[in-house]
Amino acid sequence: MARISKKRKEALAKIDSSKTYTLTEACSLVKEVSTTKFDASVDVCVRLGVDPRKANQMVRGTVALPHGTGKDVRVLVLCTPDKEEEAKAAGADHVGLDEFIDKIKGGWTDIDVIITCLLYTSDAADEEDSVDLGGRRII
């Protein structure tokens, strides 16, 4: 049989298995007994009292987290100089045209979303028809 570590014994001593905890108590208790140095995940089991074999009692759904998933999306807007202020006001991280096309050609991929505000004119045709972005092609 496996040995129980000191930290596990301390955690088990703080938990009363006969008691039913409220959600706030359970959350604070999980934070208190956690021994990890990273943000660990928690599984929540809820007894709903439904029969999953019956079609009208199936439980499925999604949850939108209040603060999102925590990932910051970096946005690049490729636009003409007259639209740069509008793109910055809309929240774009990087705004420009020629210098960013050259950076992308050089291998720069530090962006998540690219928005282009170019009309296909003779000026844009003189630039480059398409740019290769690490397997993704921007036309």
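Because the model is predicted, local features require pLDDT of at least 70 and side-chain atom pairs count only at pLDDT 80 or more, whereas totals for chains, interfaces and linings use all residues. Residues are numbered from 1 along each chain as its sequence is written, and side-chain values use heavy atoms, with hydrogens and water left out.

The protein contains five helices and five strands, where helices (H or I, at least four residues) and strands (E, at least two) are DSSP runs numbered from the N terminus. Along the sequence these elements come in the order α-α-β-α-β-α-β-α-β-β. Among contacts (heavy atoms within 4.5 Å) with a separation of 6 or more, 41% join residues 24 or more positions apart. The accessible surface, from the Shrake-Rupley method with a 1.4 Å probe and with only the protein chains shown counting as cover for residues, comes to about 12100 Å², and carbon and sulfur atoms supply 53% of it. Of the 139 residues, 17% count as buried; here buried means under 20% relative accessible area, exposed over 50%, and partly exposed in between (1.4 Å probe, protein chains only).

Attention can now turn to the interior. In soluble globular proteins, nonpolar side chains tend to be buried together. A nonpolar core is taken as a set of buried Ala, Val, Leu, Ile, Met, Phe, Trp, Tyr and Cys residues joined through side-chain atoms within 4.5 Å. The largest such core has eight residues: Leu76, Leu78, Leu97, Phe100, Ile101, Ile104, Trp108 and Ile111. Strand β1 (75-78) and helix α4 (98-105) are the elements that give two or more residues to this core, and α4 provides the largest share, three residues. Another core, of six residues, lies apart from it and includes Val75, Val77, Cys79 and Ala92.

After α4 comes Gly107, which has a positive phi near 110°. Elsewhere, Val42 lies in the loop between α2 (23-33) and β1 and is exposed, with a relative accessible area of 53%. Its C-alpha atom is 9.4 Å from that of Cys27, 15 residues apart along the chain.

Charged pairs complete the picture. With a salt bridge defined as a side-chain nitrogen of Lys or Arg within 4 Å of a carboxyl oxygen of Asp or Glu, a search of the whole structure finds five. One of them joins Lys14 and Glu32 (3.8 Å, N to O), linking helix α1 (residues 6-14) to helix α2 across 18 residues. Both partners are partly exposed, Lys14 at 44% relative accessibility and Glu32 at 48%.

A salt bridge also forms between Arg74 and Asp110 (3.2 Å, N to O). Arg74 lies in the loop between α2 and β1 and Asp110 in the loop between α4 and β3 (113-116), so this pair ties together parts that are 36 residues apart in sequence. Arg74 is partly exposed at 31%, as is Asp110 at 39%. Together with Asp112, Arg74 and Asp110 are linked in a network of salt bridges. Lys83 and Glu86 also meet in a salt bridge (3.9 Å, N to O); Lys83 is partly exposed at 37%, whereas Glu86 is exposed at 52%.
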